[in-house]
Amino acid sequence: MKLQKLSICLALLLAIGSSAEAQIKQLASELLSREPRLTSYNLQQRSYYIGVGGLLLEDRYLSPLRYGGYTLSYLAERMRYGYRKDSLVRERELLPSWWPTTSRVADTRWLHHSVVALDYGQTLNPANNASIRRLQLRLERSLMCRLGSGVWGRLYVGAGVTGGLGTLYSSRNGNNPATAKVDLALTANVHYGYQLPWRRFPARVRLSSRMDLLGTAFAQEFGENYYELYEREHRQTLDRFRLIHLGNTLAHQFRLAIDIPVWDYGHLSLGYRAQVRQWTLNHTYNSQIDHTFYFGVTTYIKPMGGRRLLTDERSLIPL
């Protein structure tokens, strides 16, 4: 009789244990597949890089030869998710209908991405007796929508705008020693991110691509002197801005970044950038091809949230 009761107890314990194990596995799978919890603020990912690489430069306004040399770069990148209106805020906070403040929560369907890049390059001609220096500032801004997500990562596609302001200076030319580079274009953007599934080493891999679709750029006539250009009417100077599109311009950029966690102190970021810009405007051919390797850091910043931040993170705020 005692043996029968003992066997019944063991059977009950095994059944309870298997049921609990199944529930734990189901809960773990739900947590892994669940979207990030809703918050009223967005963490901003900011990356700062310095880089060095190689540059191939050809500008027929300054010289018919192809120049080659090095480039030094500084790049600042920022990303964050979008926001959407919180439909349950009045039920949760018991706010009246006339309350003027519209509450919001983070929306992972949208990704805001911006880049600021400053490049300096110095190149030499094949005979090493003349140089062309390049200085360029470029701004990028894009909004992308999530195309898909899963254990393989997240993929975003969208559109944006980019603008560049720079100059090329030649040590050989006397009459026309420099040329201006100004452009503004609409772009197509793709961004992909993947985080390694290892808890002790959750490194992140990010890929991004940008292609200019339609815009305008400043280009002088071949052999045209700057003094001749600026002594004319202001309207003729504006006429040097030409339409750029996929038919006369190739402008593409590819970036790879790897964020490596350094214990619990920060993130070390390694990156690579390849970009090409080639066009023929006003009978003048220009080509700039460079490959740059980056080294920097990545930080995650919680923006000022006002009453939302004070309410959601009240237990984490000192005093």
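Gln136 contacts Ala117, Leu118, Asp119, Leu165, Gly166 and Gln288, with residues up to four places away in sequence not counted; contact means heavy atoms within 4.5 Å. Gln136 sits in strand 4 (residues 131-150). Strands are DSSP runs of E with at least two residues, numbered from the N terminus. Gln136 is buried at 8% relative accessible area; buried means under 20%, with a 1.4 Å probe and protein chains only. The model is predicted: local features need pLDDT of at least 70, side-chain atom pairs count only at pLDDT 80 or more, and totals for chains, interfaces and linings use all residues. Residues are numbered from 1 along each chain as its sequence is written, and side-chain values use heavy atoms, without hydrogens and water.

The whole structure holds 16 salt bridges, each a side-chain nitrogen of Lys or Arg within 4 Å of a carboxyl oxygen of Asp or Glu. Arg206 pairs with Glu77, with closest N and O atoms 3.2 Å apart. This pair links strand 7 (residues 204-218) to strand 2 (residues 67-85), 129 residues apart. Arg206 also forms a salt bridge with Asp259, at 3.0 Å from N to O. Arg206 is in strand 7 and Asp259 in strand 9 (residues 249-262), so this pair ties together parts 53 residues apart in sequence. Relative accessible area is 3% for buried Arg206, 6% for buried Glu77 and 1% for buried Asp259.

Arg210 and Asp212 form another salt bridge, at 3.3 Å from N to O. Arg210 is buried at 4%, and Asp212 is buried at 6%. A network of salt bridges includes Glu77, Arg206, Arg210, Asp212 and Asp259 among its members.

Key. Helices (H or I, at least four residues) and strands (E, at least two) are DSSP runs, numbered from the N terminus. Buried means under 20% relative accessible area, exposed over 50%, partly exposed in between (1.4 Å probe, protein chains only).
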